[in-house]
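Open the model in your viewer and keep the selection panel at hand.

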Amino acid sequence: EARQCQWLILWLDCDREGENIAFEVIDICRSANQFLNIWRAHFSALIERDIHHAVQNLGRPNPLFADAVDARQEIDLRIGASFTRFQTMLLKDPFILPFVDDDKKLVLSYGPCQFPTLGFVVERFWEVQAHEPEDFWSINCVYSSEEGNATFSWKRGRLFDYIAAAVIYEMCVENPTATIYDVTGRERQRFPPHPLNTVELQKRASRYFHMSSEKTMKVAEELYQAGFIS
């Protein structure tokens, strides 16, 4: 394909890793056609607005970003290999690991990128373990009629004092009649949500569905293979 083209527009992820992959693509395409006019599209979502903006504001690939990724990969490899060997030799004897059958094959891997992430996970786990749940009470009011139902929200939201909540509830029961002083209405437009990136997808799946990152990515891959998402 590159032999018959005059332009090459690279549509890879808009981060340093994407820039690094872009130069790998450039090397392959230039080996077939060294006269290519090469441009880079920068976008953050696969929606019409962002795609049009990317096409109208093309830029040149940045070799400094690609070199930064190459340097980081080299550093990660050297540090990871050195610390993996160091901690394997240091820790395999003092600790008894029940899941290891043969100590000679034991490798305690160290990853410079994974360890900070592991720290965030452990810190969040400690916060969840240290959390002490506390009971609270709220007042809910619903009005039903032939025209429909109306739910009223309590401005205070919730109370952590049962006696105070009970007193307010008894006051509402003794005086069940309410007066509406003002009604306001406005038109609201809801636009389709923007596509999610991988990190935001994992965060929302964990928050709303209590799904692990591994399960989220597995489901996302199945949806991708089925053609439901891109």
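Patches are built from residues with over 30% relative accessible area and no salt bridge; like charges are joined within 9 Å, and nonpolar side chains (Val, Leu, Ile, Met, Phe, Trp, Tyr) within 5 Å. Accessible areas come from the Shrake-Rupley method with a 1.4 Å probe, and for residues only the protein chains shown count as cover. A salt bridge is a side-chain nitrogen of Lys or Arg within 4 Å of a carboxyl oxygen of Asp or Glu.

This is a predicted model: local features need pLDDT of at least 70, side-chain atom pairs count only at pLDDT 80 or more, and totals for chains, interfaces and linings use all residues. Residues are numbered from 1 along each chain as its sequence is written, and side-chain values use heavy atoms, with hydrogens and water left out.

**Stop 1: the surface patch**

Select F136, W137, F160, Y162, I163, V167 and M171. They form a nonpolar patch on the surface, with about 740 Å² of accessible area together. M171 sits in helix α5, residues 162–174. Helices (H or I, at least four residues) and strands (E, at least two) are DSSP runs, numbered from the N terminus.

**Stop 2: the whole chain**

Zoom out and switch to cartoon. Seven helices and four strands make up the count for the protein chain. Along the sequence, the pattern reads β-α-β-α-α-α-β-β-α-α-α. The radius of gyration is 29 Å, well over the 17 Å that the globule rule gives for 230 residues, so the chain is more spread out than a compact globule. That radius is taken over C-alpha atoms; the rule is 2.2 Å times the number of residues to the power 0.38. Along the principal axes, the C-alpha atoms fill a box of roughly 85 × 60 × 35 Å.

Now colour by burial. Buried means under 20% relative accessible area, exposed over 50%, and partly exposed in between (1.4 Å probe, protein chains only). Of the 230 residues, 17% count as buried. The accessible surface comes to about 20200 Å², and 56% of it belongs to carbon and sulfur atoms.

**Stop 3: the rings**

Show Phe, Tyr and Trp. Their rings (for Trp, the six-membered one) pair if the centres lie within 6.5 Å; planes under 30 degrees apart count as stacked, over 60 as edge-to-face and the rest as tilted. The structure holds six aromatic pairs. Select W11 and F43: this pair is tilted, at 5.5 Å centre to centre and 40° between the planes. W11 is in the loop between β1 (7–10) and α1 (16–32), and F43 in the loop between β2 (37–40) and α2 (48–56), so the pair ties together parts 32 residues apart in sequence. Buried or partly exposed? W11 is partly exposed at 37%; F43, at 19%, is buried.

Next, select F83, F86 and Y110, a cluster linked by ring pairs.

**Stop 4: the salt bridges**

The count is eight salt bridges. Start with E19 and R40, whose closest N and O atoms are 2.9 Å apart. This pair links distant parts of the chain: E19 in helix α1 and R40 in strand β2, 21 residues apart. Both E19 and R40 are buried.

Move to D50 and R49, bridged at 3.5 Å. D50 is buried at 14% relative accessible area, whereas R49 is exposed at 57%.

Finish at E200 and K203, which meet at 3.7 Å, N to O. Both lie in helix α6 (residues 198–209), three residues apart, about one turn of the helix.
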